[in-house]
Amino acid sequence: MSSLSLKKKVAAVTGGASGIGAACVRRLARLGATVVILDVDLESGQALQAELGAPHLYRSLDVSDPAAWKTVLDEVEDLLGRVDILHLNAGVMSRPRGAPLLDDPLKWFTQDAYRKVRGVNLDGVVYGIEAVLGRGGCSRIVLTASGAAVSPLAMDPFYTATKHAELGLGLALAPTLAEKGMRIDVICPGAVDTPITAPDIRAMPLKQESPEFIASALEQILASPNAPNHAWLAYSEKEGVRAYVPTGAQAALDVVDRQ
């Protein structure tokens with residue numbers, strides 16, 4: 001484990017009331033940060049706030065609403081000061097929670113499903129980054145993408161599309177943000193045991209990592225501020241956290257260097 005200390009830092013985590021988000025909230029609090037839990041799940045969010053105690057906060061946030069972002073961050077700044085670490089973790093799949101994942105994916109290839117998935121997985125990331133940039137930025141931004149950002153998940157085309165976009169967004173923003181003293185990283189988890197996992201997947205003999213593994217990955221990434229890459233594969237505890245370099249990226253850099 002790292003010797004990372006986040007004392008006097010304010011961290012905000014979307015989708016922070018359960019699953020990966022809640023594990024990361026607890027880890028950030030343990031490292032000394034004051035954490036703001038952002039989630040539409042009122043009951044779970046308030047329960048986690050009660051567990052952690054003051055000065056940690058829970059605030060309801062629909063990440064797909066840019067006006068809601070402004071309202072929440074205004075309140076957080078008034079109470080705690082500017083956000084130092086923004087973890088954009090909220091994510092949904094095309095199917096409702098509890099629906100089987102191994103059915104016909106075209107059943108869920110609808111405009112309503114597309115708007116839902118895009119709103120949380122992509123719009124919520126864009127609006128969150130835009131909101132903190134409008135306040136002068138923050139030192140660290142971390143996005144929770146997915147292994148589906150690297151290897152398409154045929155079971156959910158919309159989820160795959162938004163996670164590809166999220167990874168691309170983070171990598172494209174990284175050089176410009178670095179020039180402004182900010183760092184953005186993208187975590188791509190594999191199979192993780194969270195409420196988003198469909199029951200038919202849970203019934204399979206498939207090893208699912210605990211959310212705490214992704215919390216450990218977050219800590220490792222935050223403790224490595226000078227790492228040269230900005231995307232990380234976190235598929236299993238056995239493999240650990242590995243740097244992700246897009247196919248052809250080095251070749252493209254070589255071409256630029258020769259020009």
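## Helix α5 across the sheet

Helix α5 (residues 157–179) lies across β4 (85–88), β5 (140–144), β6 (183–189) and β7 (231–236). Its direction runs at about 155° to β6. Angles run from 0 to 180 degrees between N-to-C directions, with axes fitted to C-alpha atoms, for helices over the stretch in contact. Contact means heavy atoms within 4.5 Å. Helices (H or I, at least four residues) and strands (E, at least two) are DSSP runs, numbered from the N terminus.

The model is predicted: local features need pLDDT of at least 70, side-chain atom pairs count only at pLDDT 80 or more, and totals for chains, interfaces and linings use all residues. Residues are numbered from 1 along each chain as its sequence is written, and side-chain values use heavy atoms, leaving out hydrogens and water.

## The sheet

The open sheet has 8 strands, in the order β3-β2-β1-β4-β5-β6-β7-β8. Pairing is mixed; two strands pair if DSSP finds at least two bridges between them. β3 (57–60) and β8 (240–243) stand at the edges with a single partner strand each, so one side of each has no neighbour in the sheet. From one strand to the next, the twist averages 20°.

Strands β1 (residues 10–14) and β2 (residues 34–39) run parallel, joined by 5 bridges. Val10 stands opposite Thr34 in β2. Helix α2 (residues 42–52) packs on the sheet and touches β2 and β3. Its direction makes about 170° with that of β3.
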